[in-house]
Amino acid sequence: MGLFLAFITLFLFLGSAQGQGNLAVGFYSRTCPNAERIVASVVQEAVLANPRMAAVLLRLHFHDCFIQGCDGSILIEGTGAEKHAFGHQGVDGYEVIEKAKAQLEAACRGVVSCADIVAMAARDSVALSKGPVYQVPTGRRDGRLSNLSFAADMPEVDESVQSFKAKFLQRGLSEKDLVVLSAAHTIGTTACFFMGHRLYNFPVFGSDPTINPAFLPELKRICPKDGDVNVRLAMDQASELIVDDRIFHNIRDGFAVLESDAKLYTDPITRAIIDSYLLDFIFKPSFANDFAESMVKMGRIDVKTGTQGEIRRICKSFN
Ligand code: HEM
């Protein structure tokens, strides 16, 4: 009987490791020992050639994870594919992922998933931007579904904080994760396309009254009414290439650029979380540690592991 129970336990354990296995740091250490190095070198080269790329790759991971989990579904090409959804407007970095994939296939065919490449590339982008250096658990498998309609509930810049909280909670992320991950806007730029509501169509006031009066004319100068919506502006004034907590100072002082970031300071709970990082106190929480922790958490959303999904040969198409 004892032997039988031990056998059943072993069977269940192996079954779960196959079908629903967990992610693990160093998942490819035996099957593709150079995997992390290959991704890091492709990302470094891309960021050196275009410093904007770090932010682009960080955002790509967020958009991948939020729809159907971190499964590379956003990478699939074709009419009606998820990447063309309105909520993924401006998302890019696909060619960097595909380049890393080509090198990984040459080094160890059919082993490293596109979803893991996206997660590693985001991690490397943060490190290259002087942000925290953290280990990313791997072992994700690539999804086999991609549809424009799946991305209908991506958070939009002009939604309420309640709605942001609900969308994050749905994916297992807390209010703190919402604040800390939104601080990813510490790097990168937004197109004026996303500024119209905040600058010219805001209810009652016309423009968002939380914008510091000294900043409003500057924002309107860069993004004039009926101007070119493709013009881009830094989201974290004076620190757009560095991952740091400066964005919280900017949000508190009315210098947030994105409406969604500014809104986080209008809700008592998310405001208190922002304020906790601004304390002049030796034991204040570490933004760097918390950011790394929330990134790892985001990277676990609905992952496919074991025998689920597939390992794509190229990232833009299913096998
Ligand atoms: C409430 C949630 C969020 C909203 C509404 C939001 C919205 C936006 C918008 C409108 C842009 C400008 C896009 C463009 O013009 O190309 C943007 C950029 C960006 N977002 Fe978010 N975002 C959110 C959360 C996040 C999270 C969780 C991350 C990553 C952890 C992230 C990372 C980025 C980055 C790095 C950029 C800059 C991209 C670039 O420079 O091309 N965002 N976001």
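The iron atom of the ligand has a single protein donor, His185, whose NE2 atom lies at 2.1 Å. This position, like every other one described here, comes from a predicted model. To place His185 in the chain, look at the loop between helix H7 (175-182) and strand E1 (189-191), where the residue is found.

The chain as a whole can be read in two parts. The domain assignment gives domain 1, residues 22-153, and domain 2, residues 161-295. Taken over C-alpha atoms, the centres of domain 1 and domain 2 are separated by 24 Å.

The next topic is how the two domains meet. On the side of domain 1, 19 residues are in contact with domain 2, and 19 residues of domain 2 take part in return. Between them the domains bury about 1600 Å², and 71% of this area is on carbon and sulfur atoms. Within domain 1, the residues that lose the most area to domain 2 are Leu58, Phe66 and Asp153, which together make up 33% of what that side buries.

One of these residues, Asp153, also forms a salt bridge with Arg171, with the closest N and O atoms 3.1 Å apart. Side chains of opposite charge can pair when their charged atoms come close. The count of salt bridges between domain 1 and domain 2 is one. For polar contacts across the interface of domain 1 and domain 2, the rule finds four residue pairs.

Which helices supply the side of domain 1 that touches domain 2? Helix H3 (53-66) and helix H5 (114-128) each provide at least two of its residues. The largest share comes from H3, with six residues. Sorted by type, the residues on this side of domain 1 are twelve nonpolar, four polar and three charged.

A search of the whole structure finds 18 of them.

How values were computed
Residues numbered from 1 in each chain as written. Predicted model: local features only at pLDDT ≥ 70, side-chain atom pairs only at ≥ 80, totals over all residues. Heavy atoms only, no water. Domains from an automatic or database assignment. Contact = heavy atoms within 4.5 Å. Buried area = accessible area lost by both parts, 1.4 Å probe. Salt bridge = Lys/Arg side-chain N within 4 Å of Asp/Glu carboxyl O. Polar contact = N/O pair within 3.5 Å; in protein donor to acceptor, adjacent residues only side chain to side chain. Helix = DSSP H or I, 4+ residues; strand = E, 2+ residues; numbered from the N terminus. Nonpolar A, V, L, I, M, F, W, Y, C, P; charged D, E, K, R; others polar. Donors = N, O, S within 2.8 Å, 3.2 Å for Na, K, Ca; no water.
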